[in-house]
Amino acid sequence: MKNLKLIAGVILFGSLWGFSEVIIGSGINETGIPTGAIMTGFFALFFLVFSRISFKKPGMQLGMGLVAGSLKLFNPFVGCHLCSAIAIMAEGAIFELIWYKFALDDYNLSSIKMKSSIGIITAYLTYISGYIITQVLTPIVSGANFYIENLIVFIPNILGGGLIAAVIGGITVPIALLIYKFDFSIKDTLYYPTSIGISILCWILVIGNWLIA
Amino acid sequence: MGKEKIIPILAFVILIIAGTSQAYVFITQNEKETLTINNEEYTIDQLFIIGETKTIQTIEGEKSGVSFEDLMNKIGIECTDCHTYTIIGSDGYQQTVEWELMKTGVISDDKTVYFPDTAKKFWVKDIIEIEVK
C-alpha cells in the first residue's frame, strides 16, 4: 500500500512538474526572459523539495523526472523536444545525488540561512549539470556527433547562466519548507482519486494545449 | 567544521563563481555587424544576395533563410562534404555539424541558423562566424 502511495505521488508531482514546464515554461519563453533558470530554480526545485520532505523517499525524484520529461518529450506529439526532456530527466537524477548528502533532519534546516543555502546549492548544481548532460546526450541520442570543444568554450556561459537559478533557488526552498509546515494530509480514500485526477488533468491540459495551438 | 558552516560557505562560493562567470561572458561577448565564413567577411544582406532562400519545417514551425547547400557552393567551398562546419554565436555558443546536416539548414535575416527536424540545441542565434574545417 505504501509503494502504491509512492507511485501515485511520483505520477502526481511528475505530472505537475511536466505541466509547468510545458504550459508555464512555454509562456515564459515567449517573453524572452531566461526560462531554463526560472523553471529549474522555482518550479522544478519546489516540486522536488516538497515531494522529498513530504514522502522522505530517496529515488522518488528520479521517477518524477522521468514522468515530467516524458510529458515534455511527447509535447507536441509530432515534434522533438529532446533537449528539454533530457534536461528534466537529468535534473531529477542530479537532485537525487545532491540530496543524498543532505540529511533532512531539523538540525540541517533549522535556520533561514541553511534553507536558502541548500536552495542555492541545489538549484545551481541541478541547473548546470542538467545543461551539461543535455549538451552531451542530445547529439548522441539524435544520432549526431558530439564535439567536446563546443561544450568547453561554452562552460563560462553555463556557469554564469546558473546564477539566476541559484538566486531563485535560495528563495524557493524556504517557501517549500514553509508550505510543508501546513498539514496537507488527506485520507487514502481521497488521496488516490485526487492524485490520479490532478495527474490526468495535467496530461489533458498539455494535450489540449497542443491541439489548440 | 560542521555542516551548518560548510553549506552557507559553499552557497556563497557558488554565487561568486556564477557572478564572475556572468561578468566574464558579458565582457567577452563578441558583437559585430558582419559574419565570417571560411575567413571571409559578409554582411547578412550580402548572403541573401549570394544564396538562394528556402523555407524549412522545424520543430517550431516554418523558418526561412539562405540555404547553406547553395551558399557554401557559391562562396567557393570545395568538396563541401569533406569538411565539418563550426557555427559560432556572439554569446560563444557553437555547434559543429557534418555536411549532411549543414546542407539542410538555413540562416535567417536575424542571423539565426536553423535545421529541420533537429533538437533546438543545434540552432545557433546571432552567428558571427562559420569555421570550415
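Me: How many residues of chain B are in contact with chain A?

Reply: Contact means that C-beta atoms, placed from the backbone, lie within 7 Å. Here 29 residues of chain B are in contact with 28 residues of chain A. This is a predicted model: local features need pLDDT of at least 70, side-chain atom pairs count only at pLDDT 80 or more, and totals for chains, interfaces and linings use all residues. Residues are numbered from 1 along each chain as its sequence is written, with chains lettered from A in the order in which they are written.

Me: Which element gives the largest share of the side of chain B that touches chain A?

Reply: α1(B), with 15 residues. Helices are DSSP runs (H or I, at least four residues), numbered from the N terminus.

Me: Which residues of α1(B) are buried?

Reply: An α-helix has 3.6 residues a turn, so residues three or four places apart point the same way. Buried means 20 or more other C-beta atoms within 10 Å of the residue's own. In α1(B), B:I7, B:A11, B:I14, B:A18 and B:S21 are buried. They pack against α5 and α6 (148-180) of chain A.

Me: At what angle do α2(A) and α5(A) pack?

Reply: Two packed helices are described by the angle between their axes and the distance between the axes. α2 (35-55) and α5 (112-141) of chain A pack at about 125 degrees, axes 10 Å apart.

Me: Which residues of α2(A) meet α5(A)?

Reply: A:A37, A:T40, A:G41 and A:L45. Their partners in α5(A) include A:G119, A:T122 and A:Y127.

Notes
Two residues are in contact if their C-beta atoms, placed from the backbone, lie within 7 Å. Helices (H or I, at least four residues) and strands (E, at least two) are DSSP runs, numbered from the N terminus. Axes are lines fitted to C-alpha atoms, for helices over the stretch in contact, and angles run from 0 to 180 degrees between N-to-C directions. A residue is buried if 20 or more other C-beta atoms lie within 10 Å of its own, exposed if 12 or fewer, and partly exposed in between; C-beta atoms are placed from the backbone.
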